[in-house]
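Welcome, and thank you for taking a look at this protein with us. Please keep the sequence and the 3D view open while you read.

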Amino acid sequence: MHESDDSPAEFGILIVEDDFRIADIHRAFIEQSEGFRVVGMARSGAEARSLMSRQADTVHLVLLDAYLPDVEGLELLWSLRRDYLQVDIVMITAAREVETIAEALRGGVFDYLIKPVQAARMAQMLARFRRERAALTARSEMSQEELDRALTRLRPEGAPGGGARSLPKGIDRLTLRTVVSALEQAASPLAAMEVARAMGASRSTARRYLEFLVSVQVVGAELGYGDVGRPERRYRLLGDTSPWCEEG
(Lines give C-alpha, C1' and ligand atoms only; values in the text may rest on other atoms or scores of the structure.)
Protein backbone atom coordinates (compact mmCIF):
# COMPACT_ATOMS: atom_id res chain seq x y z
CA MET A 1 0.00 0.00 0.00
CA HIS A 2 1.38 3.40 -0.97
CA GLU A 3 1.56 6.17 1.60
CA SER A 4 -0.55 9.21 0.81
CA ASP A 5 2.07 11.72 1.93
CA ASP A 6 4.42 10.69 -0.85
CA SER A 7 2.18 9.59 -3.72
CA PRO A 8 3.15 11.28 -7.01
CA ALA A 9 1.00 12.46 -9.87
CA GLU A 10 0.19 9.78 -12.44
CA PHE A 11 1.77 10.01 -15.89
CA GLY A 12 0.48 8.19 -18.95
CA ILE A 13 2.86 6.36 -21.29
CA LEU A 14 2.35 5.24 -24.88
CA ILE A 15 4.57 2.34 -25.98
CA VAL A 16 5.33 2.26 -29.72
CA GLU A 17 7.00 -1.09 -30.42
CA ASP A 18 6.28 -3.63 -33.15
CA ASP A 19 7.57 -6.63 -31.15
CA PHE A 20 4.80 -7.48 -28.69
CA ARG A 21 7.17 -9.43 -26.45
CA ILE A 22 9.45 -6.43 -25.98
CA ALA A 23 6.43 -4.16 -25.55
CA ASP A 24 5.15 -6.43 -22.75
CA ILE A 25 8.55 -6.33 -21.02
CA HIS A 26 8.54 -2.53 -21.12
CA ARG A 27 4.97 -2.48 -19.83
CA ALA A 28 6.04 -4.67 -16.88
CA PHE A 29 8.93 -2.31 -16.11
CA ILE A 30 6.59 0.69 -16.16
CA GLU A 31 3.95 -0.94 -13.99
CA GLN A 32 6.54 -1.41 -11.24
CA SER A 33 7.34 2.33 -11.21
CA GLU A 34 5.04 4.33 -8.98
CA GLY A 35 3.17 7.16 -10.65
CA PHE A 36 3.08 5.74 -14.19
CA ARG A 37 0.57 3.76 -16.24
CA VAL A 38 0.54 2.51 -19.81
CA VAL A 39 -2.36 4.19 -21.63
CA GLY A 40 -1.72 2.62 -25.03
CA MET A 41 0.44 0.22 -27.04
CA ALA A 42 1.01 0.69 -30.76
CA ARG A 43 2.78 -1.68 -33.17
CA SER A 44 3.13 0.77 -36.06
CA GLY A 45 3.37 4.46 -36.83
CA ALA A 46 -0.25 4.49 -38.03
CA GLU A 47 -1.48 2.98 -34.77
CA ALA A 48 0.60 5.47 -32.78
CA ARG A 49 -0.86 8.44 -34.66
CA SER A 50 -4.38 7.06 -34.26
CA LEU A 51 -3.95 6.59 -30.52
CA MET A 52 -2.47 10.06 -30.12
CA SER A 53 -5.31 11.66 -32.08
CA ARG A 54 -7.85 10.07 -29.72
CA GLN A 55 -6.16 10.39 -26.35
CA ALA A 56 -3.26 12.82 -26.54
CA ASP A 57 -4.43 14.48 -23.33
CA THR A 58 -3.66 11.27 -21.38
CA VAL A 59 -0.15 10.76 -22.83
CA HIS A 60 2.82 12.41 -21.14
CA LEU A 61 5.62 10.20 -22.43
CA VAL A 62 6.10 8.12 -25.60
CA LEU A 63 8.52 5.19 -25.70
CA LEU A 64 9.41 5.03 -29.38
CA ASP A 65 11.19 2.29 -31.32
CA ALA A 66 13.42 3.47 -34.19
CA TYR A 67 12.35 0.60 -36.44
CA LEU A 68 8.65 0.27 -37.27
CA PRO A 69 7.03 -1.62 -40.16
CA ASP A 70 5.43 1.41 -41.81
CA VAL A 71 7.61 4.38 -40.88
CA GLU A 72 11.09 5.25 -39.68
CA GLY A 73 11.03 5.95 -35.97
CA LEU A 74 12.93 9.20 -36.48
CA GLU A 75 10.29 10.38 -38.96
CA LEU A 76 7.58 9.62 -36.40
CA LEU A 77 9.65 11.40 -33.74
CA TRP A 78 9.65 14.64 -35.74
CA SER A 79 5.94 14.25 -36.48
CA LEU A 80 5.04 13.79 -32.80
CA ARG A 81 7.35 16.60 -31.79
CA ARG A 82 5.56 18.94 -34.24
CA ASP A 83 1.99 17.94 -33.38
CA TYR A 84 2.19 17.24 -29.62
CA LEU A 85 4.50 19.72 -27.96
CA GLN A 86 3.41 18.68 -24.46
CA VAL A 87 4.64 15.09 -24.89
CA ASP A 88 8.16 13.90 -24.09
CA ILE A 89 9.71 11.13 -26.17
CA VAL A 90 12.22 8.43 -25.28
CA MET A 91 13.81 6.41 -28.08
CA ILE A 92 14.13 2.73 -27.15
CA THR A 93 15.92 0.89 -29.90
CA ALA A 94 18.68 -1.45 -30.95
CA ALA A 95 20.10 1.33 -33.14
CA ARG A 96 23.59 2.27 -31.97
CA GLU A 97 24.64 4.30 -35.01
CA VAL A 98 25.94 7.73 -34.01
CA GLU A 99 24.00 9.38 -36.85
CA THR A 100 20.69 7.95 -35.55
CA ILE A 101 21.49 8.92 -31.98
CA ALA A 102 22.54 12.43 -33.02
CA GLU A 103 19.30 13.06 -34.94
CA ALA A 104 17.22 11.77 -32.03
CA LEU A 105 19.03 14.16 -29.71
CA ARG A 106 18.45 17.03 -32.14
CA GLY A 107 14.79 16.05 -32.08
CA GLY A 108 14.72 16.76 -28.37
CA VAL A 109 14.30 13.24 -26.99
CA PHE A 110 14.13 13.05 -23.22
CA ASP A 111 16.38 9.98 -23.23
CA TYR A 112 17.80 7.33 -25.56
CA LEU A 113 17.82 3.72 -24.34
CA ILE A 114 19.53 0.91 -26.22
CA LYS A 115 18.00 -2.57 -26.27
CA PRO A 116 17.94 -4.78 -24.37
CA VAL A 117 16.88 -2.22 -21.78
CA GLN A 118 17.71 -3.07 -18.18
CA ALA A 119 15.02 -2.59 -15.53
CA ALA A 120 17.30 -0.35 -13.47
CA ARG A 121 17.99 1.95 -16.44
CA MET A 122 14.28 2.20 -17.26
CA ALA A 123 13.47 2.97 -13.62
CA GLN A 124 16.20 5.61 -13.56
CA MET A 125 14.73 7.32 -16.63
CA LEU A 126 11.19 7.25 -15.19
CA ALA A 127 12.35 8.63 -11.84
CA ARG A 128 14.12 11.50 -13.59
CA PHE A 129 11.08 12.19 -15.75
CA ARG A 130 8.82 12.30 -12.70
CA ARG A 131 11.24 14.56 -10.84
CA GLU A 132 11.65 17.02 -13.71
CA ARG A 133 7.93 17.19 -14.46
CA ALA A 134 7.22 17.85 -10.78
CA ALA A 135 9.84 20.59 -10.64
CA LEU A 136 8.58 22.31 -13.80
CA THR A 137 4.92 22.26 -12.79
CA ALA A 138 5.39 23.28 -9.15
CA ARG A 139 5.84 26.99 -9.84
CA SER A 140 5.47 29.68 -12.48
CA GLU A 141 9.08 30.94 -12.29
CA MET A 142 12.46 29.40 -11.44
CA SER A 143 15.88 30.79 -10.65
CA GLN A 144 18.96 29.49 -12.50
CA GLU A 145 20.03 27.54 -9.40
CA GLU A 146 16.61 25.92 -9.06
CA LEU A 147 16.59 25.02 -12.75
CA ASP A 148 20.11 23.56 -12.63
CA ARG A 149 19.14 21.48 -9.61
CA ALA A 150 15.98 20.17 -11.29
CA LEU A 151 17.57 19.34 -14.63
CA THR A 152 20.42 17.17 -13.43
CA ARG A 153 20.70 15.60 -16.90
CA LEU A 154 22.10 18.96 -18.12
CA ARG A 155 24.91 18.94 -15.53
CA PRO A 156 27.64 16.47 -16.46
CA GLU A 157 29.25 14.29 -13.84
CA GLY A 158 32.43 15.84 -12.50
CA ALA A 159 31.39 19.35 -13.60
CA PRO A 160 33.71 22.17 -12.55
CA GLY A 161 33.18 23.81 -9.23
CA GLY A 162 33.69 20.67 -7.07
CA GLY A 163 32.81 20.46 -3.43
CA ALA A 164 29.38 19.76 -2.06
CA ARG A 165 26.47 19.82 -4.49
CA SER A 166 23.31 21.72 -3.62
CA LEU A 167 20.51 19.51 -2.35
CA PRO A 168 16.83 19.98 -3.21
CA LYS A 169 14.27 20.96 -0.61
CA GLY A 170 13.35 18.01 1.59
CA ILE A 171 16.76 16.31 1.32
CA ASP A 172 19.01 16.73 4.35
CA ARG A 173 22.73 15.96 4.00
CA LEU A 174 23.06 14.18 7.35
CA THR A 175 20.07 11.93 6.61
CA LEU A 176 21.40 11.32 3.11
CA ARG A 177 24.68 10.06 4.57
CA THR A 178 22.71 7.63 6.74
CA VAL A 179 20.94 6.26 3.67
CA VAL A 180 24.22 5.89 1.77
CA SER A 181 25.82 4.16 4.77
CA ALA A 182 23.00 1.60 4.84
CA LEU A 183 23.53 0.85 1.15
CA GLU A 184 27.32 0.62 1.58
CA GLN A 185 27.01 -1.93 4.37
CA ALA A 186 24.47 -4.11 2.57
CA ALA A 187 25.63 -7.31 0.90
CA SER A 188 22.79 -7.08 -1.66
CA PRO A 189 20.34 -4.43 -2.95
CA LEU A 190 17.95 -3.09 -0.30
CA ALA A 191 14.23 -2.33 -0.38
CA ALA A 192 13.02 1.03 0.88
CA MET A 193 11.65 -0.55 4.06
CA GLU A 194 15.04 -2.09 4.86
CA VAL A 195 16.71 1.29 4.43
CA ALA A 196 13.99 2.88 6.57
CA ARG A 197 14.75 0.49 9.44
CA ALA A 198 18.48 1.22 9.18
CA MET A 199 17.97 4.98 9.31
CA GLY A 200 15.11 4.94 11.85
CA ALA A 201 12.62 6.69 9.58
CA SER A 202 9.42 5.97 7.65
CA ARG A 203 9.40 4.07 4.36
CA SER A 204 8.18 7.16 2.51
CA THR A 205 11.15 9.17 3.83
CA ALA A 206 13.61 6.44 2.87
CA ARG A 207 12.03 6.17 -0.58
CA ARG A 208 12.28 9.93 -1.12
CA TYR A 209 16.02 9.87 -0.38
CA LEU A 210 16.60 6.74 -2.44
CA GLU A 211 14.79 8.15 -5.47
CA PHE A 212 16.83 11.34 -5.19
CA LEU A 213 20.02 9.25 -5.35
CA VAL A 214 18.61 7.38 -8.35
CA SER A 215 17.83 10.72 -10.08
CA VAL A 216 21.45 11.88 -9.76
CA GLN A 217 22.63 8.50 -11.06
CA VAL A 218 24.67 7.30 -8.07
CA VAL A 219 22.14 4.64 -7.02
CA GLY A 220 20.43 2.09 -9.24
CA ALA A 221 16.94 0.65 -8.76
CA GLU A 222 15.96 -2.82 -9.88
CA LEU A 223 12.96 -5.08 -9.53
CA GLY A 224 13.16 -7.66 -6.77
CA TYR A 225 10.77 -9.72 -4.67
CA GLY A 226 9.89 -9.29 -1.02
CA ASP A 227 9.12 -11.83 1.69
CA VAL A 228 5.56 -12.33 0.48
CA GLY A 229 6.62 -12.72 -3.15
CA ARG A 230 5.43 -9.30 -4.29
CA PRO A 231 7.69 -7.30 -6.64
CA GLU A 232 9.40 -4.27 -5.11
CA ARG A 233 12.10 -1.78 -6.03
CA ARG A 234 15.50 -2.57 -4.55
CA TYR A 235 18.41 -0.14 -4.50
CA ARG A 236 22.17 -0.47 -4.81
CA LEU A 237 25.07 1.98 -5.04
CA LEU A 238 26.45 2.69 -8.51
CA GLY A 239 28.77 5.65 -8.13
CA ASP A 240 30.49 8.22 -5.93
CA THR A 241 28.08 9.86 -3.50
CA SER A 242 30.63 12.16 -1.86
CA PRO A 243 29.63 15.31 -3.83
CA TRP A 244 26.13 14.95 -2.37
CA CYS A 245 27.10 13.83 1.14
CA GLU A 246 30.09 16.03 1.97
CA GLU A 247 29.71 19.43 3.53
CA GLY A 248 30.81 22.39 1.42
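**Getting started**

This is a predicted model, in which local features need pLDDT of at least 70, side-chain atom pairs count only at pLDDT 80 or more, and totals for chains, interfaces and linings use all residues. Residues are numbered from 1 along each chain as its sequence is written, and side-chain values use heavy atoms, with hydrogens and water left out.

**The whole chain**

The protein chain has 10 helices and 8 strands. Here helices (H or I, at least four residues) and strands (E, at least two) are DSSP runs, numbered from the N terminus. Of the 248 residues in the chain, 48% are buried. Buried means under 20% relative accessible area, exposed means over 50%, and partly exposed lies in between (1.4 Å probe, protein chains only). Among contacts with a separation of 6 or more, 61% link residues 24 or more positions apart; a contact means heavy atoms within 4.5 Å.

**The sheet and its helices**

Five strands form an open sheet: 5 strands in the order β2-β1-β3-β4-β5, with parallel pairing. Two strands pair if DSSP finds at least two bridges between them. Which strands stand at the edges? They are β2 (36-42) and β5 (111-114), and each has a single partner strand, so one side of each is left without a neighbour in the sheet. On average, neighbouring strands are turned by 20° against each other, direction ignored.

Now look at β3 (residues 61-64) and β4 (residues 88-93), which pair in the parallel sense over 4 bridges. Leu-63 has Val-90 of β4 as its bridge partner, while Leu-64 stands opposite Met-91 in β4. Strand β4 is mostly covered, with 6 of its 6 residues buried. Asp-88, Val-90 and Ile-92 point one way from β4, and Ile-89, Met-91 and Thr-93 point the other way.

Helix α1 (residues 20-31) lies across β1 (11-16), β2, β3 and β4, and runs at about 165° to β2. Helix α5 (residues 119-137) also packs on the sheet, where it touches β1, β2, β3, β4 and β5, and its direction makes about 170° with that of β5. For these angles, axes are lines fitted to C-alpha atoms, for helices over the stretch in contact, and angles run from 0 to 180 degrees between N-to-C directions.

**Helices α8 and α9**

How do the axes of helix α8 (residues 192-199) and helix α9 (residues 203-215) cross? They come within 8 Å and cross at roughly 105°. That makes α8 roughly perpendicular to α9, a term for angles of 65 to 115 degrees. Ala-192, Met-193, Val-195, Ala-196 and Met-199 of α8 make the contact with Arg-203, Thr-205, Ala-206, Arg-207 and Leu-210 of α9.

The 13 residues of α9 should span 18 Å at 1.5 Å a residue, and its end C-alpha atoms are 18 Å apart, which agrees; the expected span is 1.5 Å times one less than the number of residues. Because 11 of its 13 residues are buried, α9 is largely enclosed by the rest of the structure. The buried ones include Tyr-209, Phe-212 and Val-214.

| Residue | Relative accessibility | Class |
|---|---|---|
| Val-87 | 4% | buried |
| Gln-124 | 12% | buried |
| Gln-217 | 37% | partly exposed |

Val-87 lies in the loop between α3 (73-83) and β4. Although Val-87 and His-60 are 27 residues apart in sequence, they are 5.0 Å apart in space, C-alpha to C-alpha. Not counting residues up to four places away in sequence, Val-87 touches Met-52, Val-59, His-60, Leu-61, Val-62, Arg-81 and Arg-133.

Gln-124 lies in helix α5. With residues up to four places away in sequence left out, Gln-124 touches Val-214 and Gln-217.

Gln-217 sits in the loop between α9 and β7 (219-225). Its phi is near 65°, a positive value in a residue other than glycine.

**One more backbone feature**

Most residues other than glycine have a negative phi, and most peptide bonds are trans. The peptide bond from Lys-115 to Pro-116 is cis, with omega near -5°. You can find Pro-116 in the loop between β5 and α5.

Conventions: Angles under 35 degrees count as roughly parallel, over 145 as roughly antiparallel, 65 to 115 as roughly perpendicular and the rest as oblique.
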